[in-house]
Amino acid sequence: MAGTDSGRPSIYPTLLYADAKSALRQLADAFGFTEASVYEDEEGKVVHAELVQGNGAVMLGSKGTGSRFDEAMKSAGPTGVYVVVDDVDAHHQRAVDHGAEILMPPTDQDYGSRDYMARDVEGNIWSFGTYAPETRV
């Protein structure tokens with residue numbers, strides 16, 4: 001199985017938004033992501049962006065670009081993404097303070113995690129919690 005030993009994540013959830021600029025603002029302001037790079041076309045539409053959170057990252061772009069990925073995503077459903085955070089309650093409060101739609105408040109799970117769930121501006125489901133899956137098999 002191919003992978004990377006560079007310390008970079010080897011899996012990047014990738015999402016497309018009708019209004020990628022609004023999504024970038026919400027992910028940064030409400031969910032604490034940091035913009036690593038944003039590429040726009042001549043009309044100012046986000047064609048590709050990378051945001052980081054801890055040692056993970058997510059890529060996103062705008063719907064309607066006509067790219068192969070854009071075409072494939074037309075018949076796909078909303079995406080769910082899980083992000084590990086150290087302080088679930090503080091992270092949740094930040095999301096609430098920025099008006100994020102909370103689907104589940106911070107909850108202690110039977111398997112030892114504390115997590116909460118929110119919906120972004122275009123319906124994708126984001127879960128934030130303390131559970132960090134083991135990646136070495």
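In the predicted model, the lining of the second largest pocket is made up of 5 nonpolar, 3 polar and 4 charged residues. The residues concerned are L15, L16, K63, D70, M73, K74, A76, G77, P78, T79, E122 and N124. Two elements, β1 (14-17) and α2 (68-73), each give two or more residues to this lining. The volume of the second largest pocket is about 200 Å³. Empty space of this kind is located by rolling a probe the size of a water molecule over the atoms.

The largest nonpolar core contains 24 residues, and the members that touch the most others are F31, F33, L60 and W126. At least two residues of this core are supplied by each of β1, α1 (20-29), β3 (46-53), β4 (56-62), β5 (80-84), α3 (88-97), β7 and β8. Helix α1 accounts for the largest share, with 4 residues. For F31, residues up to four places away in sequence being left out, the contacts are Q26, Q53, H91, R94, A95, A100, Y116, A118, W126 and F128.

Aromatic residues were examined next. A pair of aromatic rings is described by the distance of the centres and the angle of the planes. Over the whole structure, 6 aromatic pairs were found. One of them joins Y116 and F128, whose rings are stacked with a centre-to-centre distance of 5.3 Å and an angle of 25° between the planes. Y116 belongs to strand β7 (residues 114-119) and F128 to strand β8 (residues 125-129), so this pair ties together parts that are 12 residues apart in sequence. Y116 counts as buried because its relative accessibility is 0%. F128 likewise has a relative accessibility of 0% and therefore counts as buried.

F128 also forms a stacked aromatic pair with W126, at 6.2 Å centre to centre and with 10° between the planes. Both W126 and F128 are buried. Taken together, ring pairs link F31, F33, Y116, W126 and F128 into a cluster. The contacts of F31 include Y116, W126 and F128.

Methods:
Residues are numbered from 1 along each chain as its sequence is written. This is a predicted model: local features need pLDDT of at least 70, side-chain atom pairs count only at pLDDT 80 or more; totals for chains, interfaces and linings use all residues. Side-chain values use heavy atoms; hydrogens and water are left out. Rings of Phe, Tyr and Trp (its six-membered ring) pair if their centres lie within 6.5 Å; planes under 30 degrees apart count as stacked, over 60 as edge-to-face and the rest as tilted. Buried means under 20% relative accessible area, exposed over 50%, partly exposed in between (1.4 Å probe, protein chains only). On a 1 Å grid over the protein atoms alone, a cavity is a set of points where a 1.4 Å probe fits but cannot get out, and a pocket is an open set with protein on both sides within 12 Å along at least five of seven lines; lining residues have an atom within 4 Å of a point. Grid points are joined across faces, edges and corners, and a volume is the space filled by probe spheres set on the points. Ala, Val, Leu, Ile, Met, Phe, Trp, Tyr, Cys and Pro count as nonpolar, Asp, Glu, Lys and Arg as charged, and the others, Gly among them, as polar. A nonpolar core is a set of buried Ala, Val, Leu, Ile, Met, Phe, Trp, Tyr and Cys residues joined through side-chain atoms within 4.5 Å. Contact means heavy atoms within 4.5 Å.
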